[in-house]
Amino acid sequence: MTGRVLIVDDDQSMCELLQAGLKRRGFDPVYRTNPEEALRLLDSDDFAVAITDLHMEGMGGLELCRRIAENRPDMPVVVITAFGSMETAIAAIRAGAYDFITKPFEMDQLALTIERAAKHRELQDEVKRLRMAVNESRKFDEMVGRSRPMQEVFDLLGRVAETEATVLITGESGTGKELIAKALHNRGRRSEGPFVAVNCAAMPETLLESELFGHTRGAFTDAKASRTGLFVTASDGTLFLDEVGEMPMGMQVKLLRALQERVVRPIGGNIEVPFNTRIVAATNRDLESEVAEGRFREDLFYRINVVRVHVPPLRSRASDVLLLAQHFIEKFAKENTKNVVGISSPAAEKLLAYHWPGNVRELQNCIERAVALTRFDQVVVEDLPEKVRDHKTTRVIVDSEDPTDLLPMDEVERRYILRVLEAVGGNKTQAAQVLGFDRKTLYRKLERYGAQAQQNPPVVAVNGH
Ligand SMILES: Nc1ncnc2c1ncn2[C@@H]1O[C@H](COP(=O)(O)OP(=O)(O)OP(=O)(O)O)[C@@H](O)[C@H]1O
Ligand SMILES: [Mg+2]
């Protein structure tokens with residue numbers, strides 16, 4: 001786009017003159033003698049700057065400025081006017097022109113004006129980009145992550161937050177599913193409404209049903225008064241169905257019906273109550289295999305799996321570990337009014353070597369404890385829990401002179417395959433490519449090494465919407 005200039009003038013010879021002059025000065029000029037055509041060109045093409053004559057047959061230059069300002073507000077327009085009167089110049093600026101130049105003019109003078117307009121635009125674009133970056137990181141203010149998989153998660157969240165789509169968040173325990181559910185709510189159109197979370201694993205079926213759908217007075221022995229269900233309580237807001245994979249079968253049928261009909265029937269009642277609630281669900285189970293094994297209803301699965309956000313385990317996003325550690329150090333130092341500002345590099349190495357089966361929650365607990373324990377202004381190895389401190393770094397190649405430290409070829413291969421899988425975020429096709437195996441060979445080897453073939457599913461999948 002740099003240097004591309006659109007010239008609009010109904011005088012063909014003037015267009016040719018300007019084009020030749022600007023070309024000689026290093027611009028890439030295109031001209032149109034018809035303003036309507038120029039506007040059409042702008043629909044499909046981008047230019048750094050447009051220059052237009054003021055007096056033209058049909059649509060005049062002022063009108064053209066107005067139309068460009070409406071449709072392409074970031075494109076500066078320079079107006080050429082034969083009448084050096086202040087009024088026309090002011091009218092042009094009012095109409096949205098960036099600058100004007102009066103005939104007769106020197107080519108160099110025009111070139112300078114165009115350059116200034118282009119610079120102005122670059123600056124504006126840059127400011128816009130920065131502002132967007134700042135807003136972007138603010139929108140997920142609680143959430144830290146700069147690894148590629150997390151950037152993809154944030155990107156997807158940004159796209160679905162403002163929709164009404166049902167979102168299913170999957171990921172291992174402690175990866176941040178609830179935080180994501182809240183972020184979806186806070187960023188969505190329903191942020192003024194309530195965010196209601198319910199843990200589907202924590203209650204027996206009847207209790208869960210009455211929690212979700214409500215009950216009438218006397219519906220069961222303890223029902224001294226009627227009670228509104230959470231589906232209705234969360235109207236105009238978001239209902240977060242946590243651990244949805246643990247929901248009893250009988251309840252799954254009722255949930256499906258509620259989601260399809262957008263109404264709930266309180267226990268003991270025979271009226272249906274409509275709700276206007278966005279549903280976000282989460283699970284750390286592999287719902288596809290739960291469905292395959294008959295523990296989760298397939299129809300319900302499709303109902304909630306409209307947009308899928310998969311949160312990758314912490315071990316597959318090494319670049320987030322220290323970022324999160326720092327985030328938690330600051331958080332807990334502040335909470336405990338302790339002067340801890342960072343982490344020593346040997347301690348940082350330990351954090352990076354550990355595989356974090358409890359994911360971000362485990363890292364958070366580990367840092368909370370370390371900040372409480374440390375006698376220094378930084379977290380040191382001694383402040384870390386034993387299992388983190390003593391974790392044997394699974395280096396692929398062990399660099400040692402001691403023969404008993406050295407590894408058999410099989411073990412090297414196993415470690416290397418896992419290492420590559422981690423690096424590609426679990427994408428087996430990509431891993432196979434890196435390793436120079438075909439997929440079948442990779443699967444065979446994974447099976448042989450007892451590596452869970454389920455490990456690290458693809459980072460993000462969007463179905464529908
Ligand atoms: N990206 C992140 N940035 C900052 N804090 C995070 C991030 N991810 C998770 N946390 C924190 O880690 C803890 C665990 O997160 P959360 O409860 O959302 O996990 P979860 O996936 O719902 O876990 P579970 O499956 O066990 O319910 C929370 O205290 C949360 O604030
Ligand atoms: Mg949770």
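**A first walk through the model**

Mentor: The protein has 465 residues, and 45% of them count as buried. Keep in mind that this is a predicted model.

Trainee: How many helices and strands does the protein have?
Mentor: There are 19 helices and 17 strands.

Trainee: What share of the contacts with a separation of 6 or more comes from residues 24 or more positions apart?
Mentor: Such pairs make up 68% of those contacts.

Trainee: And the surface? How much of it belongs to carbon and sulfur atoms?
Mentor: The accessible surface is about 24,500 Å², and 50% of that belongs to carbon and sulfur atoms.

Trainee: Now the inside. How many residues are in the largest nonpolar core?
Mentor: That core has 30 residues. L212, F231, L239, L241 and I304 have the most contacts inside it.

Trainee: Which elements each supply at least two residues of this core?
Mentor: Quite a list. The helices are α8 (205-213), α9 (230-233), α10 (249-261), α11 (287-292) and α12 (298-304). The strands are β7 (195-199), β10 (238-242) and β13 (278-283).

Trainee: Which one gives the most?
Mentor: α10 does, with five residues.

Trainee: Pick one residue. What does L241 touch?
Mentor: Leaving out residues up to four places away in sequence, L241 touches V198, C200, L212, L255, I279, V280, A281 and A282. Another core, of 24 residues, lies apart from the largest one. Among its members are L314, I329, A333 and A347.

Trainee: Switching to the ligand. How many residues surround ligand 1, and which are the closest?
Mentor: 18 residues surround ligand 1. The closest are V144, S173, G174, K177 and Q364.

Trainee: Which polar side-chain atoms lie 2.6 Å and 2.9 Å from an oxygen atom of ligand 1?
Mentor: One from K177 lies 2.6 Å from a ligand oxygen. One from R361 lies 2.9 Å from a ligand oxygen. S173 also has a side-chain N or O atom 2.7 Å from an oxygen of ligand 1.

Trainee: How much of the ligand does the protein cover?
Mentor: On its own, ligand 1 has 630 Å² of accessible area, and the protein covers 87% of that.

Trainee: Back to helices. Which residues of α3 are buried?
Mentor: In α3, residues 61-71, the buried ones include G61, L64, C65 and I68.

Trainee: Why do they line one face of the helix?
Mentor: Look down the axis of α3. Its buried residues fall within an arc of 105°, so they line one face. An α-helix has 3.6 residues a turn, so residues three or four places apart point the same way.

Trainee: What do they pack against?
Mentor: β1 (4-8), α2 (35-44), β3 (49-53) and β4 (77-81).

Trainee: Some single residues, then. Is E290 buried or exposed?
Mentor: Buried, because its relative accessibility is 7% and the cut-off is under 20%. E290 sits in helix α11. Past four places in sequence, E290 touches R285, R295 and F296.

Trainee: Where is V306?
Mentor: V306 is in the loop between α12 and β14 (307-310). V306 is buried, at 18% relative accessible area. T166 is 140 residues from V306 along the chain, yet their C-alpha atoms are separated by 5.7 Å.

Trainee: And A372?
Mentor: A372 belongs to helix α15, residues 359-373. A372 is partly exposed, at 49% relative accessibility. A372 and K338 are 34 residues apart in sequence, and 8.0 Å apart C-alpha to C-alpha.

Conventions
Residues numbered from 1 in each chain as written. Chains lettered and ligands numbered in written order. Predicted model: local features only at pLDDT ≥ 70, side-chain atom pairs only at ≥ 80, totals over all residues. Heavy atoms only, no water. Core = buried A, V, L, I, M, F, W, Y, C linked by side-chain atoms within 4.5 Å. Buried < 20%, exposed > 50% of the residue type's maximum accessible area, 1.4 Å probe, protein only. Helix = DSSP H or I, 4+ residues; strand = E, 2+ residues; numbered from the N terminus. Contact = heavy atoms within 4.5 Å. Near = heavy atom within 4 Å. Polar contact = N/O pair within 3.5 Å; in protein donor to acceptor, adjacent residues only side chain to side chain. Areas by Shrake-Rupley, 256 points an atom, 1.4 Å probe, with all protein chains shown as cover. Arc of directions from axis to C-beta.
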